[in-house]
Amino acid sequence: MAKLLIVEDDESVRNFTARALSAAGHTVETAGDGLEGLEKISATAGDYDLVLSDIRMPAMDGIEMARAVADAFPGLRLLLMTGYADQRERAVELEGTVSGVVNKPFTLSELRQRVGEALAA
């Protein structure tokens, strides 16, 4: 299947998401914030099929990370997630750079569907 990077500061959400996508057959790596995510992406020269990132995080948020990733690795697919309406509005400025925003809380089937759609795009 696909090689995914999940960037999420909430450990329980990060672990749930990683387990769910691993169970669906994907190879999954994780990062605890945008800075760590950007470091992993850079260290692998963007060798992920999809980066699934929370928007609101310490150190570097998902919007900042998405901008940096889009500049350095324009072909890398990005999918954001958030539970905050104001953060979804911030993601609008990244239209064309990200494959959309997954609203938290999400169900397992919803997560798998959105990841599948982003990979197919």
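Guide: From the N terminus on, the elements of the protein run β-α-β-α-β-α-β-α-β-α, where helices (H or I, at least four residues) and strands (E, at least two) are DSSP runs numbered from the N terminus. This is a predicted model, in which local features need pLDDT of at least 70, side-chain atom pairs count only at pLDDT 80 or more, and totals for chains, interfaces and linings use all residues. Residues are numbered from 1 along each chain as its sequence is written, and side-chain values use heavy atoms, with hydrogens and water left out.

Visitor: Which strands pair with strand 1, and in what sense?

Guide: Two strands pair if DSSP finds at least two bridges between them. Strand 1 (residues 3-7) pairs in the parallel sense with strand 2 (residues 27-31) over five bridges, Val-7 having Ala-31 as its bridge partner. The chain passes from strand 1 through helix 1 (residues 11-23) to strand 2 in a right-handed β-α-β crossover, meaning that, with the strands pointing away from the viewer, the path from the first strand over the helix to the second runs clockwise. Strand 1 also runs parallel to strand 3 (residues 50-54), joined by four bridges, and Leu-5 stands opposite Val-51 there.

Visitor: Is strand 1 mostly covered or exposed?

Guide: Buried means under 20% relative accessible area, exposed over 50%, and partly exposed in between (1.4 Å probe, protein chains only). Four of the five residues of strand 1 are buried, while buried residues make up 45% of the 121 residues in the protein.
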